[in-house]
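I opened this notebook to record what I looked up in one structure, entry by entry.

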Amino acid sequence: MKNEIDACCLCDLPLFDGIKEEERAGLAACICSGVKVFKKNDIIITEGDSAAKAGIVQKGRTFAYIIGEDGGRIFMASHLRGDIFGEVVMFAKNEGSPVTVEAAEESEILMLDREKILNPCEKACGCHVTLLKNLLISSADKFAAQRVMIATLCMKKLCGKIAAALIYFSRKAGSDTFNLPFDRAAFADYLGADRSALSRELSRLRKIGAIDFYKNSFKILDRKKLCGKRADKI
């Protein structure tokens, strides 16, 4: 267990939006059980674990997945510096974690304590109320992202799945140039597609001038070419 909270990281956290800079470190210490270091491939949360566990990526990268019927992993989400995970079901009464969360590289995780969040210290300061509001916003955003993912998976054609995913991440970034929060293999898992088939379709879309990309960096060049007229409605 590492007990150092990165003050610079707190400045980047949506969870602390609206909270004065001088109050953030104290509040973080109040609601967290400490900072834990995980090596690459270490399991942070196992599917079925107590939902009381949640964390914030202070350094590194993690990803969440479930195990499918064939024993393979089904990618659910990627978490970068400043991202929070586990908060959606953190306050569930009798619910285990629906996913396994694993460190994609050596990571420092700021572990949240559910009881400390629900039962603030005697000061019961205003910043604690703001934190709870931000947690609700984060949970709503996660719900919206999962809805988009489910809608994408329900599409029959791979080109439609790619279009839906790229347009969603473009809107999220506020630009036609953006980075996906995962590598090609994880992108294939996200789409429920074969990696080779995904690579072929991406190459085809680049050849017709719909997109350009390098590794996980993408640029939408022509939305209509990306997936015909339907792309404007995604």
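Helices (H or I, at least four residues) and strands (E, at least two) are DSSP runs, numbered from the N terminus. I noted that this is a predicted model, in which local features need pLDDT of at least 70 and side-chain atom pairs count only at pLDDT 80 or more, while totals for chains, interfaces and linings use all residues. Residues are numbered from 1 along each chain as its sequence is written, and side-chain values use heavy atoms, with hydrogens and water left out.

Entry 1, the three-stranded sheet. I looked up D212 and found that its bridge partner in β11 is K219. Four bridges join β10 to β11 (residues 217-220), and the two strands run antiparallel. The open sheet to which they belong has the order β9-β11-β10, with antiparallel pairing. β9 (177-179) and β10 (211-214) stand at the edges with a single partner strand each, so one side of each is left without a neighbour in the sheet. From one strand to the next the twist averages 20°. I then saw that α7 packs on this sheet, touching β10 and β11, and that its direction makes about 125° with that of β10. Here contact means heavy atoms within 4.5 Å, and axes are lines fitted to C-alpha atoms, for helices over the stretch in contact, with angles from 0 to 180 degrees between N-to-C directions.

I followed α7 (residues 195-207) to α6 (residues 184-191), where the axes come within 9 Å and cross at roughly 100°. That makes α6 roughly perpendicular to α7, on a scale where angles under 35 degrees count as roughly parallel, over 145 as roughly antiparallel, 65 to 115 as roughly perpendicular and the rest as oblique. R184, A185, F187, A188 and L191 in α6 meet R195, L198, S199 and L202 in α7.

I listed eleven aromatic pairs in the structure; rings of Phe, Tyr and Trp (its six-membered ring) pair if their centres lie within 6.5 Å, and planes under 30 degrees apart count as stacked, over 60 as edge-to-face and the rest as tilted. Y168 and F169 form an edge-to-face pair, at 5.1 Å centre to centre and 65° between the planes. The rings of F169 and Y190 have centres 5.8 Å apart and planes at 55°, so this pair is tilted. The F169–Y190 pair links distant parts of the chain, F169 in helix α5 (residues 158-173) and Y190 in helix α6, 21 residues apart. Relative accessible area is 18% for Y168, which is buried, and F169 is buried at 8%; buried means under 20% relative accessible area, exposed over 50%, partly exposed in between (1.4 Å probe, protein chains only). Ring pairs link a cluster that includes F75, F178, F213 and F218.

Is E87 buried or exposed? At 1% relative accessibility, E87 counts as buried, although it lies in the loop between β6 (84-85) and β7 (100-103). Leaving out residues up to four places away in sequence, E87 touches A54, L135, S138, S139 and K142.

Definitions and conventions. Pairing = 2+ DSSP bridges.
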